[in-house]
Amino acid sequence: MTVAASPVTLDDWFARDLGGLHQPWQPEPAPSPEAVVVNDGLAAELGLDADALRSPEGVAVLAGAAVPAGATPVAQAYAGHQFGNYSPRLGDGRALLLGELTDPEGRRRDLHLKGSGRTPFARGGDGKAPLGPMLREYVVSEAMHALGIPTTRSLAVATTGEPVVRDGRRQPGAVLARVASSHLRVGTFQYAAASGDVDLLRRLTEHAIARHHPEAADAENPPLALLQAVVEAQARLVAQWMDVGFVHGVMNTDNMTISGETIDYGPCAFLDAFDPATVYSSIDHGGRYAYGNQPRIAQWNLARFAESLLAVIDDDPENAITPATDAVSAFAESFTRHRAAGLHAKIGLTGEQHGELVEDLVTLMATEHPDHTRFLRGLATAARGDAGPVRDLVVDRGAVDAWLERWRAALEGQDRAVDESAAAMDRVNPVYIPRNHQVEAALTAAVDGDLDPFRRLVDVVTRPYDERPGLEEYATGDPSGTGYVTYCGT
Ligand code: AMP
Ligand code: MG
């Protein structure tokens, strides 16, 4: 394995600190690496030189063809509940943590490769990733970031020069360079807890506290405070998902972070029509991860996190059960608070005293199924005096008119001018989200060698709030109106 003249210097805190939770491993050679997309904005944010990343040495690192000097790549071990069933040994089957870099603001960020070859955790998998799904993670995660939602980021996608076969179809093999504040998951704690090595679990807990929730170190019971902090971070995160109509699609416990960042963009998709029962994933037969189930599932996952912490919350785990249960129960109140705050802001109301109005809006949307994004964005137009755009999206205009009248009274009763409220709404209700049919079209073209639609889509969804002329086709749902299905064959 060549060692690149490195465009990036990496630390190995996770690898040094948490032996027992990883296996040192090397990427599989990539015969002819080529950069497909490099994220200039993120590179700058990380203090990296994007041109150096595009150089042959840089691309070699991004594709896993070379390892930066001094780095200790590891495949991370984790367990997880997948669709409710426990797997004791998942781990990075096709991914490696290259190491951590410190950005100019002093924040530690993981640099991670997905699609870099089989690891000891690969089980039956080929260790590879096709170009389409890696580009999908790139565009959706960058859209989420632009929407202000905590998420892992995408630094680059590079092809390896080797084909990957999925469902009998060949695609270019690709590697996604992912950046995250860490890759610690609920499943990481489940793995440590199941190992029976309480010292390992304690070290993991301390590592997670130092890295993500340092205030917990000063609490009377730091592991319990960590649990409370993660409950709060996830409640806030899932409320933000609901606010933009994001359906994660595979909320397994190995896909839930301790940092509170969204991770693992597989079968995810955004709502067109608002319907809590919406499921896009072809393998989610029971609708476990439907849009409207996400808060409940997050809390279920957090209960698994709590269970894994019992032995470090109290030497006698029996004594840990009540405080841990209380911490998980607090999710409901916290989620409701974040969701109510998000909805108040979306309809231009300061303060949070309009609970009924907000709930009635959600009920109205659940009955009328308007396009979620356009309906909410259209409310600012209604505030400015033209209710046409929102009325056009519903069947029962009487019901929407009645709601609009109550809402207008609330808007007019505020200290700030209605126009100012409308402007504030435009800053929280996106015009552009990654529309499913646009994502598919861009990925299909990219796999066929035309990257222009992909680049354009990235540009559109990473400036989601400013309406720009000429981009009308990005602001509507699929004109063909066909149901959208995502496949886990990633
Ligand atoms: P995910 O559905 O992406 O959360 O992945 C679940 C588990 O399957 C993780 O342990 C992945 O590392 C592993 N995995 C997914 N795809 C592959 C693959 N092509 N080769 C090896 N492992 C994989
Ligand atoms: Mg995963």
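This is a predicted model: local features need pLDDT of at least 70, side-chain atom pairs count only at pLDDT 80 or more; totals for chains, interfaces and linings use all residues.
Buried, in these legends, means under 20% relative accessible area.

View 1. How accessible is Asn255, buried or exposed? With a relative accessible area of 9%, Asn255 falls under the 20% cut-off and is therefore buried. Asp264 has a relative accessible area of 19%, which is also under 20%, so Asp264 counts as buried.

**View 2. Arg185 and the residues around it.** Look for Arg185 in the loop that links strand S11 (169-180) to helix H6 (186-194). Its relative accessible area is 2%, so this arginine is buried. Which residues does Arg185 touch, leaving aside those up to four places away in sequence? They are Tyr78, Asp92, Arg178, Thr253, Asp254, Asn255, Met256, Thr257, Ile258 and Ile263.

**View 3. Helix H7 crossing helix H8.** Two packed helices are described by the angle between their axes and the distance between the axes. For H7 (residues 198-212) and H8 (residues 222-244), the axes come within 10 Å and cross at roughly 55°. That angle makes H7 oblique to H8. The crossing is left-handed. From H7, the contact uses Thr205, Ala208 and Ile209, while H8 brings Pro222, Pro223 and Leu226. By class, the residues of this contact are 5 nonpolar and 1 polar, with no charged residue.

**View 4. Helix H12 crossing helix H14.** Here the axes of H12 (residues 372-383) and H14 (residues 397-412) come within 11 Å of each other, crossing at roughly 60°. H12 and H14 are therefore oblique to each other. What is the handedness of the crossing, left or right? H12 passes H14 in a right-handed crossing. On the H12 side you will find Phe375, Leu379, Ala382 and Ala383. They meet Val400, Trp403, Leu404, Trp407, Arg408 and Leu411 of H14. This contact has 9 nonpolar residues and 1 charged residue, with no polar ones.

Conventions. Residues are numbered from 1 along each chain as its sequence is written. Chains are lettered from A and ligands numbered from 1 in the order in which they are written. Side-chain values use heavy atoms; hydrogens and water are left out. Buried means under 20% relative accessible area, exposed over 50%, partly exposed in between (1.4 Å probe, protein chains only). Axes are lines fitted to C-alpha atoms, for helices over the stretch in contact, and angles run from 0 to 180 degrees between N-to-C directions. Helices (H or I, at least four residues) and strands (E, at least two) are DSSP runs, numbered from the N terminus. Angles under 35 degrees count as roughly parallel, over 145 as roughly antiparallel, 65 to 115 as roughly perpendicular and the rest as oblique. A crossing is left-handed if the near helix is turned anticlockwise from the far one by less than a right angle, and right-handed if clockwise. Contact means heavy atoms within 4.5 Å. Ala, Val, Leu, Ile, Met, Phe, Trp, Tyr, Cys and Pro count as nonpolar, Asp, Glu, Lys and Arg as charged, and the others, Gly among them, as polar.
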